[in-house]
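Thanks for asking me to look this one over. My notes are below, as numbered points to read alongside the model.

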Amino acid sequence: TTIGMSSGKWYCEVTINNVGSETKIGIGKQDVLTAEAGSQANTWAYINIGDKMNNNSNTSYGNSFTTGDTIGIAFDADGGNLYFYKNGTAQNSGTAAYTGLTDGPYFFHFTARAVGTANDLSANFGARPFHTAAPTGFKALNTANLPTPTIADGSQYFDTKLYTGDNTASRSVTSYNFSPDFVWAKSRSGTYYHGLFDILRSGYALYSNATSAEDTTEQIGFASDGFTTPNKTGDFINANNANYVAWAWDAGSSTVTNTDGSISSQVRASQTAGCSIVSYNATGSNLTVGHGLNAKPALILLKSRNVSGDWLVMHESIGVDHFLKLNETQAKAGPYSNVFTSVSNTTFGTGNDSGINSSGQQKIALCFAPVAGYSAFGSYTGSGNNSGSFIFTGFAVRFLLIKCTSDSGQEWVIIDTARSPVNVADEALYANDSAAEDTNSSRDVDLLSNGFKLRNGSSGATDFSGRTYIYAAFASHPFQAARAR
């Protein structure tokens, strides 16, 4: 199915038109949806002999079923409980077949396996009346029944603009639906550095593809609906006739002193959009820093301002004891106990490693927490085929960042729908590299109304067989309101 279940209570039915040797009805996580239901660790099923099955191990559960029977699946994603019904009768006296399934998203998952005989199923997700009314509190799985999103229009908090440089002083880039607080700009047509600018540092440049300290000769101006380029000609984000992309995020309306951590920090945060900009001074000793999100950050980009040093990246999918470098192509490093040390709803912690916490270093941290229907951060395993991994995000993807964590030499790939308005999307930029936009098919991705699908299994940077990848994605619209691409 195409809708992932991470919260709520959901029901569907499967009618057995012609039972086969193995008919399996259940749920699974997205990494196993091409495998047989119940055959892997992340899929749970009720099978026609009456057993339940998980990780290819089956035990007694309910009654057998055959041609003409209707099997109901009731999944309580809030409580993590999975129930099955046969012709309206709860199996195993209504006791859940499986419990503890709270690490969504999960998807309805069926297998019709035929060995010497036909196997035919019909699924009903509520498009017609159910054989038996759904259990109390359970709903049909469709977009109309999904929770109302906090952010109905992603462009109110994040957006992408394209522009052409004109080599003038203070060129304006406008028409964002918010006042940007963090801007990331890059030439598409030339080998210019990526420029990262935020309002806490007065718009001075840092470069994602370099270790250099803050460049105070390059400063953008923040406006109510955009920004202006540095007040000089020949600039790297306004060269004459060069094509550019500028991604921008809203991080709230005010900067405050935050005392949640062991040291004070200056924080500008939008808890609604899960985005904060954090400035603080390192001490050389273990410390914690308040980030202002009131939710656990899933992604942190951390950089020294006044001295050269790597961009250190914490991503929830690799664990707080590992890190990546935004300016390099290496695999994840660690485990280390003295780099990133903790992350919570109020603070993140760093150890005494000199690369992250030398006394006298001025630090900037860009922190992001997931917001349902607007942003998502996760991982997947490469498929190695050209009809590859599908990743459910619950929204129409506007911006996508992918990095291989298991193998070195792979770029930080950036795809977006402004530069790739139709699928397949293959206009790639690399956060670690100043190179111009790469438009070959090696980074093919479909950016969809409910997630993204990789389209080149030979790509080491996005979908190579068996490799592990992390991603960060931001929405144009939640799935409920998104149009298909």
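**Notes on the fold**

1. Of the 485 residues of the protein, 55% count as buried. Please keep in mind that this is a predicted model.

2. On the overall make-up, the protein has one helix and 38 strands. Its radius of gyration is 25 Å, close to the 23 Å that the globule rule gives for 485 residues, so the protein is as compact as a globular protein of that length. The C-alpha trace spans about 75 × 50 × 40 Å along the principal axes.

3. Contacts and surface come next. Among contacts with a separation of 6 or more, 63% are between residues 24 or more positions apart. The accessible surface comes to about 17800 Å², and carbon and sulfur atoms hold 42% of that. As for charge, the mean positions of the 30 positive and 38 negative charges are 2 Å apart.

4. Do have a look at strand β30 (residues 362-368), where six of the seven residues are buried. Strand β23 (residues 275-281) runs antiparallel to β30 and is joined to it by seven bridges; asparagine 281 stands opposite glutamine 362 there. Strand β25 (residues 299-304) also pairs with β30 in the antiparallel sense, over six bridges, and leucine 301 has leucine 366 as its bridge partner.

Note on methods
Residues numbered from 1 in each chain as written. Predicted model: local features only at pLDDT ≥ 70, side-chain atom pairs only at ≥ 80, totals over all residues. Heavy atoms only, no water. Buried < 20%, exposed > 50% of the residue type's maximum accessible area, 1.4 Å probe, protein only. Helix = DSSP H or I, 4+ residues; strand = E, 2+ residues; numbered from the N terminus. Pairing = 2+ DSSP bridges. Rg over C-alpha atoms; globule rule 2.2 N^0.38 Å. Contact = heavy atoms within 4.5 Å. Areas by Shrake-Rupley, 256 points an atom, 1.4 Å probe, with all protein chains shown as cover. Lys, Arg positive; Asp, Glu negative; His and termini not counted. Charge placed at Lys NZ, Arg CZ, Asp CG, Glu CD.
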